[in-house]
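This briefing goes through a structure by topic. Please keep the sequence and the model open while reading.

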Amino acid sequence: MENLGSLINAVILIPLFGVLFASLSREGGRERVSNVLCVGIFTVLSNLVVLWRAALLIDLDKDGWQVVEKFTWIKNPKIELVFGIDIFSLMLIAAVHLAVLLGMVGIRHNTYRQKALIVCALLFLSMISGYFLASDFFSFYIFFEAMLLPLFMLIGIFGDIKKQQILYRFFLYNLLGAVFLFVALIVLYNYQNVSIREVSRIVLSGHGEALVWGSIFIAFLSRIPVWPFHYWISSVNVNISNPLVFIIANIIPLSGVYGLIRFFPVNAPEVLDPYLLILEVVSIITMLMIALIGFTKKDIQYKIFSYMTVYYILYLLGALLPTDALLMNIGFSLFSYLIIVAALEVLVAHLDNECQSKEIGECGVLCAVPRTSLMFSFLILAAIGMPLSSVFLNNMVIFSGLLKFNIKMAVCILLAVMLASVSLLQQLFYLKYPPETDEPLPPVPEECRAADISLRVFAVMLLTAALLVLSFINPLWFIG
Amino acid sequence: MLVNLLVLILGAGLISELVPKNRLPVLWSLFSSAAVLYFIYKLSQLGMSPDIYVNYPWLKIPNLSINLEIGINSLNVCLVFVLLILALLSLMQNTFGTETAKNSLNGLILFNLLSALMLVFANNYIQMLVAVGACDVLVFSTINNVNAKKKYIYANFLADIGLVSIFAVILGHGGGLELKDLGDYSQFGHHKDFVAILLLLCIFIKSGLFLFHGTYTDIASLGFNRLNFVLFAATPLIGYLVFLKTEALLSISSYSYPLLKMFSLASVAWGVFGVLAIDHIKQKSVYFALMFWGAVYAFAAFGCRLEILDFAGFLLSAFLFGQVLMLFYTAASNETNISEMGGFIKNLKFMFVLLLVVLAAYFDVLLSLQTKNIWLTWAYILLFSLASAHVLSQILLGESRADERVQAMLKNPSPALWGPVAVAAAMLCWHFREQFLWLAAVSACWLMLFIFRPLRRLDKWYENEDLQEADYFSTAYELLIITPVKVIGRLLWLAVDFVFIERTIINSVQNALTFLIFLLRRLHSGTTLRSLLFVLFGFAVIYAVWRFGGR
C-alpha cells in the first residue's frame, strides 16, 4: 500500500517535472519533432506507465478509496492534504492522459509557441490528476481552481480573433464557480474537516444546508455546459483550432461532472431534492437544445461540442440517480468517450489545416485521404455508440438506470443523444463525399488536394482504435 | 470444432481484408469460398441434429455479466446452413463476377457471416445487440454508394438506439439477460406497449419493410451481387433474426400483431407495385426483396410463423431468384432498364431454363407453406407469379428495344456464374419435392402469365419519369422530420444563445461592470473631499460591525 501511495504522488509530480524539463528544453530541434514535444510525449507516456503500475496494485474487490496519502500543510488551523485513488479516478486520469497524448500528436507540425503549449498542457495534466486524486476539501479546491490557470494561458495564447471576449466569458463564469465553491467549502470546513466521501456526516441547519449545497451545485455546474453555463465552453470550442487546446478545454467540463459525482448523490441531503429535479429538467432541456443547434450548425467544432455536451450531461444525469451502482459504467464509458473525441479532434484539426493552407473546401475532403477517412469513419461510428468501444455496453447500462428512474426523462435524453449522433454522421458524410453532380468532376491537381495523415499518425490512430476495441471487449483489459 | 471453424472464417476474412484490394482477387475469393465450403462440409458431418454448446465468460462489468455462447442444435442448424450457403453463393459470384474491390467484399461477407452466426447462437440479448451492431458497421462498409450509405446508417443507427433502449428498459426493471426469459416480461415489466411497439419499429427498419424501404431503394446503385447480399444475407435478415429471438416480447402488447399485419401486408403490396412500376432492374430486385420480407412477416403476423427449415428454403429461393435477375443483367451487358431489354429468349435459352429451375425451387418452397396458411401462401404465389412473369416476359419475350451493343454482346453468362445458382436451385427442388402435381400446375400458370403478359398495359409506367424518379418517403421524412428539426435548432440558437445569453446576459453584466468601474473611478478621483467620504464610509462599516456584529 505504501508503494501505491508513492505512485499516487508520482502521478501528480511527473508532469511537474515534465514542465521543468520542457521549460529548459530548446524550442524546435534537428528532427521533425521538436525537443519540447518529445519531452511532453515522454512525460505523458511515463505517467501512463506509473498509472498502469498503480492499476495493478489496486484491489478491485475493495470499494472506495484504496490508499490515503496525508500531508500536513498547516498545523493551526489543521489543514491536511489527503490523496486517494479508486478505479474510477484512475480511468479518468488515464483517459485524460491519453487524450492529451493524442493532442500532442496532433500538434507535432505546429511550431507556433510549442514550448508554451507543452508546458501549459503538462501543468494542466498535473493539476487535473491532483483533482481526481484529491480527497479533502482543500486539495480538492486548490486543484479545482489551479487547472484553470494553464487553460487561461492557453486560450490567451492560442485563441482566435475573439479571444478577449472568450477570456472574459471564461473568467466571468469560472470566477462565479470559484467563489461559490470557496464559500461552501469554508463553511463546511468550519463545521468539520472531513474527507469528501464523508461530507454527509456534516450536519447543517436547514437554510445553511440549502445554501452550502446550492453553492456547490452552482460551482460545479459552472464547469458543465448546462444552460446558461454552456455558453463559455461553446465559445471556446468554436474559436480554438489548436487540437491540444481544444482537448484541454473540453476536459474542463469533466471536472464539473467529477465534482458532482464525488459530492452527490449519496451524500446529498434531502433538502436538495427539489433542486435536483430542477437541475435534471434544465439539463435535459440543455441537452435537447444543444443537440438541435448542433444538428443545424455546419461547423464541425460545434457539432463535436454538441456531442460532448450531450454525453457529459448524460453522465451527469447517470451520476445524479439515487444510486452509485452506475459509477463504474460511467467511468468505463467516459474513458472511451474522451479518447474518441480527442482522436476526432486531431483529425479535424488536420483537415482544417489542410483546407486552409490549400484553400480547398471541406466538402468531400476525405475522398482524397484514405487513411484519415478510415479513421474518421471508425471514430464517428464508435462515437455514436456502435459496438466498437466501451461506450456501447456501458451507455446501455446508464440508459437502463435512467429509464428505470423516469422513462419520460430518459426518452428525452435518448432523443438528444440520437440528434447529437446524427449530427456527427451528417458531418462524416459532408466531409467524406463530394456533392453529387451529373457531370463528371474535373481532376483535382495534386497541389490542391489535401494531404493524408502521415504513417506515424496513422499508426497512432490505429493503436487508438485497438485501444477502443480492447475497452469494448474488456474495459479493464490493462489489469487482466 | 465449432470454435475452430469460426476462427477459420475470421482468419479468412482478415486475410481478405488485409491483402491489397485488387491483388489476385480470384485466388483470394476461391480461398474464402473454400473456407466456407469446409465449414459446410464439417457441419454436414454432424447431421441435422448436432449438439454443440460452448460458453465463454466474456465480460464482467458492474451491472452486467455476459457470457459468449456458441452452440448448434437441431433448432438452429438450418439457419446456420442457409447463412453459410448464402455467403458461399455471394463469394462464388464475387469470384467470377465484375465486382470491384473483390478482396475487400469477400472479407466483409465473411465478417458478416460471423456476426450473423453470433446472432443465431445468441442466448442473451447483449450478444444479440453486439451482433446487430457489428452487422450494421459491416454493411455500412459494404455499401459503396454515398446516398445509400447515408440512408442506411441513419435508419439503422436509429433502429440500434431503439433496440438498446428496449433492452435497457428490460435490464433496468430487473429482467435477466437471457432471451428465453423475455416472455416473463409480461408479468414484471413496465411500459409494455412502448417496448413492443418500439421493438417492432426497429425490426421493420432493419428489414426495410413498408415506410422504411427507402433505406434499401438507394442501394440499387451497388453491384448486383453486393445488392443481393445486402438484401438477403445482411441487415434485413438480421432484422428477422432479431424478430425470431424476441418474438416473446411482442405478445406483451395488444398493438403488436395488428401493427405487424398492417406493415407486412403493406410491404407485400408496395413491393408488387414497385416491381411493376419501376423500370430499373436492380430496384425491381429491391422490391422483390420487399415482397419477400413482407410475406415472411405476414406469416408471423397471422400466427403461423415459418419453421426454421421453411424459412431457410424460402430465403434461399428468394436469393436465387435475385441471382437470376443478376444473371440477366450481366447477360445484357449491365443494361439497367427493363424497358430497354426485350426478345432476349433467342440468345438466352439456357438462362430461360435456369430461370425455370429457380422458379420451380421457389414454388416448391412456397407450396410447402400451404400447411401454415393456405390463403397467404396462395395470395403470395399469385402476386409473385404476376410480378415475376410480367418482368421476365418483358426481358425474354417483349418487343426488342435493346441497343445494338447490348444485342451484339448478348450471351449466356459463364458456367462459373450460373453453376452455383443451378446447383443450389436443384438442391432446393430436391429437398422440397413433395407436391409435384401442384408444382406442375403452378408452373403452367406461371408460363401462361409469362406468355400472355396480362399486365402489359402497365408498361407505360416505365415512361413516366416522375414515377421513376419519385422518392415519396424520403421527401416526406425530409419535410416532416428533418426540416422542422433544423428550423427549431436554428430558432433556438438565435433566440437562446445569441439574443438571450450573448446580447442580454453577457452584455448586461459587461455594461454593469463598466458602469461600476466608471462610478468607482469617479469616486476615487483623489480629491480631499472624496478621500474624506471613503474614510467616513470605513468608519460607518466599523460602527455597524461593532453595533450589530455581536447579535
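Predicted model: local features only at pLDDT ≥ 70, side-chain atom pairs only at ≥ 80, totals over all residues.

Which residue in β2(B) does Tyr56(B) stand opposite? The residue is Leu68(B).

**Hairpin in chain B**
- Strand β2(B) covers residues 64-72 and runs antiparallel to β1(B), with nine bridges joining the two.
- Two residues lie between β1(B) and β2(B) in this hairpin.
- In the turn, Asn63(B) has a positive phi of about 70°.

**Contact between the chains**
- Chain A contributes 38 residues to the contact and chain B contributes 40 residues.
- On the chain B side, at least two residues come from each of β1 (52-61), α5 (125-142), α6 (146-172) and α21 (472-523).
- The most is given by α6(B), with 14 residues.
- Sorted by class, the side of chain B that touches chain A has five charged, seven polar and 28 nonpolar residues.

**Nonpolar core**
- The largest nonpolar core has 367 residues.
- Those touching the most other members are Ala95(A), Ala99(A), Ile248(A) and Val310(A), together with Leu83(B), Ala87(B) and Val358(B).
- Helix α13 of chain A (residues 327-358) supplies the largest share of this core, 18 residues.
- Leaving aside residues up to four places away in sequence, Val358(B) touches Leu320(B), Phe321(B), Val324(B), Val421(B) and Ala425(B).

**Helix α4 of chain A**
- This helix spans residues 114-133, and its 20 residues reach 28 Å from first C-alpha to last, close to the 28 Å expected at 1.5 Å a residue.
- Of the 20 residues in α4(A), 19 are buried, so the helix is mostly covered.

**Domains of chain B**
- Chain B is divided into domain 1 (1-121), domain 2 (306-460) and domain 3 (492-548).
- The centres of domain 1 and domain 3 of chain B, taken over C-alpha atoms, are separated by 73 Å.

- Most residues other than glycine have a negative phi.
- Leu211(B) has a positive phi, near 85°, and is found in the loop between α8 (192-207) and α9 (214-217) of chain B.
- Because 16 other C-beta atoms lie within 10 Å, Leu211(B) is partly exposed.
- Arg453(B) is not a glycine either, yet its phi is positive at about 45°.
- The loop that holds Arg453(B) runs between α19 (436-452) and α20 (465-469) of chain B.
- Arg453(B) counts as buried because it has 20 C-beta neighbours inside 10 Å.

Key:
Residues numbered from 1 in each chain as written. Chains lettered and ligands numbered in written order. Domains from an automatic or database assignment. Helix = DSSP H or I, 4+ residues; strand = E, 2+ residues; numbered from the N terminus. Expected span 1.5 Å × (residues − 1). Buried ≥ 20, exposed ≤ 12 C-beta atoms within 10 Å, placed from the backbone. Contact = placed C-beta atoms within 7 Å. Nonpolar A, V, L, I, M, F, W, Y, C, P; charged D, E, K, R; others polar. Core = buried A, V, L, I, M, F, W, Y, C linked by C-beta atoms within 7 Å. Pairing = 2+ DSSP bridges.
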